[in-house]
Amino acid sequence: MADRESEIVARIAAGVSDLNVRAWDRLGGDRHPFISHAFLSALEDSGSVGKDTGWISAPILVEDEAGHLAAAAPAYLKTHSQGEYVFDHGWADAWERAGGQYYPKLQVAVPFTPVPGPRLLGSRPQQLLAAIEAVTTQNDMSSAHITFLGEAAASECERRGWLIRHGVQYHWFNRGYASFDDFLAALSSRKRKAIRKERAAAREGLQFRALRGSEIEPADWDAMWTFYQDTGSRKWGRPYLARRFFNLIGERMGDQVLLLLALRDGRPIAGALNLVGPDTLYGRYWGCTEDVPFLHFELCYYQAIDWACAHGLACVQAGAQGEHKVARGYEPVVTRSAHFIPNRSFRMAVAGFLDAERQGVGSEVEWLRESLPYRSSSSE
């Protein structure tokens, strides 16, 4: 497949694992932990994605005239809509009721990871999008989707007529806080007291450890796997990630991995796995074997803020969903996804739905911002 205007050559690779680490990370993977070669290849090498999972790795590459990698997208052939966090089940039902075959579809994403970040890697987004469109149409697929992409990349998609979808997440922003107490001081008195009360209840009789990189021992990973399985089986029916994935990111990602543990009498009873970016702490997986009031808030929200303040990070992203985060200082932000639908009538139907949905998201964000617990009730 070729873009004749620029003589750029595009191709589909068998997987990120087969690609040169430096070439991939040079495009931007080294600036965001979830798009790094280490993270994506760990998903593949552990069997967390692959033929039997419905996530078939098919990264799309754009090479220059000299054969050097100029742009890339982490793409997957999907045979279902699980593990994406941008829900299109209704679109699939409508397409198939009309006699079409919705799956497989093309998904540009980080599997099981609703974290906004780079999706169109490199300096040639328009050529890369053209390649994604060509793969979709030449293989007679219903659609292509790019989920949790940044605002600039969404604008590149919109230039080509892709449909843009909005969602809401809740992120905490460090406005010059050197400590958790500095953050509390910015809150209203009532919210400040409520958080202190929650933290006291959650911490009673427990010890907490923050382990990074090589400090995480096999027994700690065993505990985290147990916690993850418990949460995964309740939320999704079965956990998405294979056990080996945790070992691989521990080996390959070093200090980018942060494990927060809660212990009773030296025994872990809960854990939260985070990844550390250049300026952001990303909370990903959590679980527990003992039900303790407010422990989820303590381990996933408050400990994360505490750690971010201590290490000078600008932001904490504690996962998808959760209006309850607003009362705890996490602010509503708009997330974006982009959708390429070749069929004109289907595209028009989806476009009408997205227009109304975006208006609803905008109203929701405005309403949520009025509920922020900060004394000034203002935020960026």
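In the predicted model, Ile195, Glu198, Arg199, Ala202 and Arg203 of helix 7 meet Leu295, Phe297, Glu298, Tyr302, Gln303 and Asp306 of helix 10, where contact means heavy atoms within 4.5 Å. Helices (H or I, at least four residues) and strands (E, at least two) are DSSP runs numbered from the N terminus. Residues are numbered from 1 along each chain as its sequence is written. Because the model is predicted, local features need pLDDT of at least 70 and side-chain atom pairs count only at pLDDT 80 or more, while totals for chains, interfaces and linings use all residues; side-chain values use heavy atoms, with hydrogens and water left out.

Two packed helices are described by the angle between their axes and the distance between the axes. Helix 7 spans residues 189-203 and helix 10 spans residues 295-310; their axes come within 9 Å and cross at roughly 115 degrees. Helix 7 is therefore roughly perpendicular to helix 10. Axes are lines fitted to C-alpha atoms, for helices over the stretch in contact, and angles run from 0 to 180 degrees between N-to-C directions. Angles under 35 degrees count as roughly parallel, over 145 as roughly antiparallel, 65 to 115 as roughly perpendicular and the rest as oblique. The crossing of helix 7 and helix 10 is left-handed; a crossing is left-handed if the near helix is turned anticlockwise from the far one by less than a right angle, and right-handed if clockwise. By class, the contact of helix 7 with helix 10 holds five nonpolar, one polar and five charged residues. Here Ala, Val, Leu, Ile, Met, Phe, Trp, Tyr, Cys and Pro count as nonpolar, Asp, Glu, Lys and Arg as charged, and the others, Gly among them, as polar.

Helix 2 contributes Ala38, Phe39, Ser41, Ala42, Leu43 and Asp45 to the contact, and helix 9 contributes Arg244, Phe245, Leu248, Ile249, Arg252 and Met253. Eight nonpolar, one polar and three charged residues make up the contact of helix 2 with helix 9.

Helix 2 is mostly covered, with eight of its nine residues buried; buried means under 20% relative accessible area, exposed over 50%, and partly exposed in between (1.4 Å probe, protein chains only). The buried set comprises His37, Ala38, Phe39, Leu40, Ser41, Ala42, Leu43 and Glu44. Their cover includes helix 1, strand 3 (55-57), strand 6 (75-78), helix 9 and strand 13. Just after helix 2, Gly47 takes a positive phi of about 80 degrees. Beyond neighbours within four places in sequence, Ser36 is in contact with Trp24, Asp25, Gly29 and Met253. In helix 9, by contrast, lies Glu251, which is exposed with a relative accessible area of 61%.

In soluble globular proteins, nonpolar side chains tend to be buried together. A nonpolar core is a set of buried Ala, Val, Leu, Ile, Met, Phe, Trp, Tyr and Cys residues joined through side-chain atoms within 4.5 Å. The largest nonpolar core has 46 residues, and those with the most contacts inside it are Phe39, Met224, Phe246 and Leu273. Among the elements that each supply at least two residues of this core are helix 1 (21-26), helix 2, helix 8 (218-235) and helix 9. Helix 8 gives the most, with six residues. Leaving aside neighbours within four places in sequence, Met224 is in contact with Phe246, Leu259, Gly271, Ala272, Leu273, Tyr285 and Trp286. A second, separate core of 44 residues includes Tyr170, Trp286, Ile305 and Cys309.

Pro74, in the loop between strand 5 and strand 6, is buried with a relative accessible area of 0%. Not counting residues up to four places away in sequence, Pro74 touches Trp24, Ile35, Leu40, Gln107, Val108, Ala109 and Arg119.

Most residues other than glycine have a negative phi, and most peptide bonds are trans. The peptide bond from Tyr103 to Pro104 is cis, with omega near 0 degrees. Phe112 has a positive phi near 60 degrees and is buried, with a relative accessible area of 3%. Phe148 has a positive phi of about 55 degrees and is buried at 5%.
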